[in-house]
Amino acid sequence: MEVKLRLKGGDDHRKACDLFGAGGSHKAKYHQENQFFDGSEQELSSQRVVLRVRFYNVAEKCVVTVKGKAVLKNGIGKASEVEEAVDP
């Protein structure tokens, strides 16, 4: 499960850290680099589909993700998602 929060600034970041226990309870910490792909005619984005390659800690691991069209209900977005680990 993944939760994304929109933080307006440093105060919101500190509050989120306090609330979610950022003081050492992490399982792992990664530097991420994300690359997004689409066709020359925006074949994916026009259908609200995302194709992403995410690198963790430069070349420690890599995951290819395809996210389908998101549906928003009661303020919560849900989308189909397929991930596959690949050799960085």
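Helix H1 is hardly covered, since the count of buried residues among its 11 residues is 1. Here, buried means under 20% relative accessible area, exposed means over 50%, and partly exposed lies in between (1.4 Å probe, protein chains only). Helices (H or I, at least four residues) and strands (E, at least two) are DSSP runs, numbered from the N terminus. This is a predicted model, in which local features need pLDDT of at least 70 and side-chain atom pairs count only at pLDDT 80 or more, while totals for chains, interfaces and linings use all residues. Residues are numbered from 1 along each chain as its sequence is written, and side-chain values use heavy atoms, with hydrogens and water left out.

- Leu7 lies in the segment before helix H1, which spans 10-20.
- Leu7 is partly exposed, because its relative accessible area is 40%.
- Together with Leu5, Leu19 and Phe20, Leu7 makes a nonpolar surface patch of about 440 Å². Such patches are made of residues with over 30% relative accessible area and no salt bridge; like charges are joined within 9 Å, and nonpolar side chains (Val, Leu, Ile, Met, Phe, Trp, Tyr) within 5 Å. Accessible areas come from the Shrake-Rupley method with a 1.4 Å probe, and for residues only the protein chains shown count as cover.
- After H1 comes Gly21, which has a positive phi, near 70°.

**Strand pairing**

- Strand E2 (residues 50-56) and strand E3 (residues 61-67) run antiparallel and are joined by 7 bridges. Two strands pair if DSSP finds at least two bridges between them.
- E2 and E3 form a hairpin with 4 residues between them, and Asn57 in the turn has a positive phi of about 50°.
- Across this pairing, Phe55 stands opposite Cys62 in E3.
- E3 is also joined by 6 bridges to strand E6 (residues 81-86), and these two strands run antiparallel.
- Val66 has Val82 in E6 as its bridge partner.

**Val63 in strand E3**

- Val63 lies in strand E3 and counts as buried because its relative accessibility is 12%.
- Leaving aside neighbours within four places in sequence, Val63 is in contact (heavy atoms within 4.5 Å) with Arg52, Val53, Arg54, Tyr56, Glu83, Glu84 and Ala85.
- Val63 and Arg52 are 11 residues apart in sequence, and their C-alpha atoms are 8.2 Å apart in space.

**Salt bridges**

- The count comes to 2 salt bridges, where a salt bridge is a side-chain nitrogen of Lys or Arg within 4 Å of a carboxyl oxygen of Asp or Glu.
- One joins Asp11 to Arg14, with the closest N and O atoms 2.5 Å apart. Both residues lie in helix H1, 3 residues apart, about one turn of the helix. Asp11 and Arg14 are both exposed.
- Another joins Glu81 to Lys67, with the closest N and O atoms 3.8 Å apart. This pair links distant parts of the chain, with Glu81 in strand E6 and Lys67 in strand E3, 14 residues apart.
- Glu81 is partly exposed, because its relative accessible area is 39%. Lys67 is buried, because its relative accessible area is 16%.

**Cysteines**

- A disulfide is a covalent bond between the sulfur atoms of two cysteines. With the criterion of a pair of cysteine sulfur atoms within 2.5 Å, the count comes to 0 disulfides.
- Cys17 is partly exposed, because its relative accessible area is 26%, whereas Cys62 is buried, with a relative accessible area of 3%.
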